[in-house]
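Hi there,

Here is the structure I promised to send over. Have a look at it first, and then read on for my notes.

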Amino acid sequence: MATHRAAIIIDAPAPAVFEALTKPELVKLWQFNKEVITDWKTGSEIKFRVELEGKVLEQWGTILEMRVNELVKYNLFTPQTDKEDKIENYNVTSYLLTEQNGQTNVEIIQEDNRATGFIPVNLTPVIAGLKKVVENNLLIKQ
């Protein structure tokens, strides 16, 4: 399985980053308008939904591991005409948070064996969007 990584330093403590990773209205801001539906408990379902050009697109999977303020890990299936909904066609996404001196290093790790899966160039805008949402959200709260 191909593994791709990207990382960024966010000028905010880990709880603020974790909130942006798990609060649906904030997720929508950095996940390109995707709505997330889950209770964020290990073993629970997770679904991302977005409407594009009048069509509803969904991805679904399972929360694999959650550690508050440290880790969010889930798998997802993205429907494609040539792929069946089976575990080998799911990708695994992890967000690792490490706080130091009031800043949080966020590493996104994407494990994906699909030929049309994520590549590092796709991951950078995702975590850059997360950084923007977290840091702007902190400014609003101050």
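Asparagine 69 takes a positive phi near 65° in the hairpin of strand 4 and strand 5, where three residues lie between the strands. Strands here are DSSP runs of E with at least two residues, helices are runs of H or I with at least four, and both are numbered from the N terminus. Strand 4 and strand 5 run antiparallel and are joined by seven bridges; two strands count as paired if DSSP finds at least two bridges between them. Across this pairing, isoleucine 63 stands opposite tyrosine 74 in strand 5.

Before going further, please keep in mind that this is a predicted model, in which local features need pLDDT of at least 70 and side-chain atom pairs count only at pLDDT 80 or more, while totals for chains, interfaces and linings use all residues. Residues are numbered from 1 along each chain as its sequence is written, and side-chain values use heavy atoms, with hydrogens and water left out.

Seven strands form an open, antiparallel sheet in the order 1-7-6-5-4-3-2. Strand 1 (2-10) and strand 2 (35-37) are the edges, and each has a single partner strand, so one side of each is left without a neighbour in the sheet. On average, neighbouring strands are turned by 20° against each other, direction ignored (axes are lines fitted to C-alpha atoms, for helices over the stretch in contact, and angles run from 0 to 180 degrees between N-to-C directions). Strand 1 is joined to strand 7 (residues 103-112) by nine bridges, and alanine 7 stands opposite glutamate 107 there.

Strand 5 deserves a look. Six of its seven residues are buried, so strand 5 is largely enclosed by the rest of the structure; buried means under 20% relative accessible area, exposed over 50%, and partly exposed in between, with a 1.4 Å probe and protein chains only. Serine 94 counts as buried at 6% relative accessibility. Apart from neighbours within four places in sequence, serine 94 is in contact (heavy atoms within 4.5 Å) with Leu71, Val72, Lys73, Glu107, Ile108 and Ile109.

Helix 1 (residues 14-22) lies across strands 1, 4, 5, 6 and 7, and runs at about 160° to strand 6.

What about the aromatic residues: how many pairs does a search of the whole structure find? There are five, where rings of Phe, Tyr and Trp (its six-membered ring) pair if their centres lie within 6.5 Å, and planes under 30 degrees apart count as stacked, over 60 as edge-to-face and the rest as tilted. Phenylalanine 48 and tyrosine 74 make a tilted pair, 5.8 Å centre to centre with 45° between the planes. This pair links strand 3 (residues 45-52) to strand 5 across 26 residues, and both partners are buried. Tryptophan 60 and phenylalanine 77 are also tilted, with centres 5.5 Å apart and planes at 50°. Here tryptophan 60 is partly exposed at 27%, whereas phenylalanine 77 is buried at 3%. Trp30, Phe48, Tyr74 and Tyr95 form one aromatic cluster.

Finally, the overall picture: the chain has three helices and seven strands, and buried residues make up 40% of its 142 residues.

Best wishes
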